[in-house]
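Student: Could you take me closely through the surroundings of the ligand, and through the sheet that contributes to them? I would like the terms spelled out with their cut-offs as you go.

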Amino acid sequence: MSQPQTLGKYQIQGLLGKGAMGVVYKGFDPNIARPVAIKTIHASLLDTEMGRELLDRFRNEAQAVGRLNHANIVSIYEFDQDKGTPYFVMEYVEGHDLKTLLKDGRKYSPEEAVHIVAAILSALEYTHKLGIVHRDIKPANVFITHNGQIKLADFGIARVDNAELTQMGSVLGTPSYMSPEQCKGQPVDARSDLFSTGVVLYELLVGKKPFSGDNTHAIMHSVLSEDPERPTSKSQAVPKAFDAIVRKALAKDLNHRYQTAAEFRDDLQKAVAPSSTQSNNLVMIAVVAALVLALAVAGGMWFKTQRDQQFAQPGVETTDGKLSAEEQAKLERLIKVAEAHFKVGRLVSPQGSNAFEAYQLVLQVDPQNSAALEGINRVKNRFFKRAQLLALEGRQEDVEKHLELAESLFPNDDRIMLLRNRVNEQ
Ligand SMILES: Nc1ncnc2c1ncn2[C@@H]1O[C@H](COP(=O)(O)OP(=O)(O)OP(=O)(O)O)[C@@H](O)[C@H]1O
Ligand SMILES: [Mg+2]
């Protein structure tokens, strides 16, 4: 079908994409001069016995969803028909959908994944309380806007069950994100959305879908009967707490699953909180911070003394390169300092008390120290992940600051160039 020039009062400005239900256009509302996204429903879907019933359903859903008002939900403005073509008018989202961003098996750090999934869960907490189930949570329906907001699209909109789609000869989307009860064609409730959100979480952390197969049938079989491998067995960067969270979110039996979005989100936030083992109360954070500071000062002073001594007596360094027990103990303390900095996110700043510097101090004394070498790697990985997320969120100034820091601290890292290219492309 060629692109219409208008739909109702809306001017059609271009094609945004195609989905199972129909085509999505970029449109313009001339009355209030704002861009919109317009999702049209494929005529073939309505040329059936079910057509009329479907139209009523779309209208009812649009009325329910049109009342939603949440920062993480793409708003629906209108549902209407023009010359036999039904269409939904929605908030136009400037950004990228997560399906595009997850292409090529890209992984996200636990912090980034929680940032994204917690926003999805906030949206779900809000709608579930109103009795509205999304039924199609998947990366294609999650957007990251240019200013870093997460938005869930297609809320309750124009949902057609698999059986109906098949009957109408339409192609079913991937069942990879469907809950077991959806795969079985049983009725779904809020907990089905939480299962699908669990699948998205898994993919963000691991870079792969938990349930896969060569065809629809094989994928559904995997959803119904296979337990995915633990995220920690697929990626070292994932803290242990995520194994239990993913297991609970992806429980086949919906009574064993998270029962509410809030419960799921709380567990995620605890898993990445600085003091994740217990509670993330502020006192705990303050204690850790104070400890870090004290250890850093002590570590710094020790190193300064060490260096002064070396300068004063250049010949005292152990000739065979072996460290005394006392030096070894001090290095271990310094590693603990670095790890504490890392835990609270002080990767390369503030100057004088951060993980990178503390590891560097260790390496200056013991250049082969494996804990410090590995620590520096972890600092760099997390630093670049952070910068990538900022780039995704369109926070150019912050990305620039990260790039400047990286250029002065680890100028030979290839990721600097990759990030520069990405920034220049935007
Ligand atoms: N509100 C919106 N603002 C901007 N782009 C959008 C919006 N809604 C959808 N799109 C774009 O239009 C394309 C098609 O969306 P659509 O919802 O039809 O398909 P889908 O979500 O990929 O699959 P499905 O039909 O199974 O939901 C997507 O690639 C998406 O990027
Ligand atoms: Mg969609």
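Tutor: What follows starts with the ligand shell, moves on to the sheet and ends with the core. This is a predicted model, in which local features need pLDDT of at least 70 and side-chain atom pairs count only at pLDDT 80 or more, while totals for chains, interfaces and linings use all residues. Residues are numbered from 1 along each chain as its sequence is written, and chains are lettered from A and ligands numbered from 1 in the order in which they are written.

Around ligand 1 there are 21 residues, of which G17, G19, V24, A37 and A140 come nearest; a residue counts as near if its C-beta atom, placed from the backbone, lies within 6 Å of the molecule. By class, this shell has 11 nonpolar, four polar and six charged residues, where Ala, Val, Leu, Ile, Met, Phe, Trp, Tyr, Cys and Pro count as nonpolar, Asp, Glu, Lys and Arg as charged, and the others, Gly among them, as polar. Domain 1 (6–91) and domain 2 (95–271) both give residues to the shell, so ligand 1 lies between them; the domain bounds come from an automatic or database domain assignment.

Strand 2 (10–18), strand 4 (34–40) and strand 6 (85–91) each supply at least two residues of the shell, and strand 2 gives the most, with three. Strands (E, at least two residues) and helices (H or I, at least four) are DSSP runs numbered from the N terminus.

These strands belong to an open sheet of six, with the order 1-2-3-4-6-5 and antiparallel pairing, two strands being paired if DSSP finds at least two bridges between them. Its edge strands, each pairing on one side only, are strand 1 (6–7) and strand 5 (76–82). Strand 1 is joined to strand 2 by two bridges, and T6 has Q11 of strand 2 as its bridge partner.

Turning to the core, V117 and I120 touch the most other members among the 94 residues of the largest nonpolar core, to which helix 7 (residues 190–206) gives the most, with 10 residues. Such a core is a set of buried Ala, Val, Leu, Ile, Met, Phe, Trp, Tyr and Cys residues joined through C-beta atoms within 7 Å, and a residue is buried if 20 or more other C-beta atoms lie within 10 Å of its own, exposed if 12 or fewer, and partly exposed in between.
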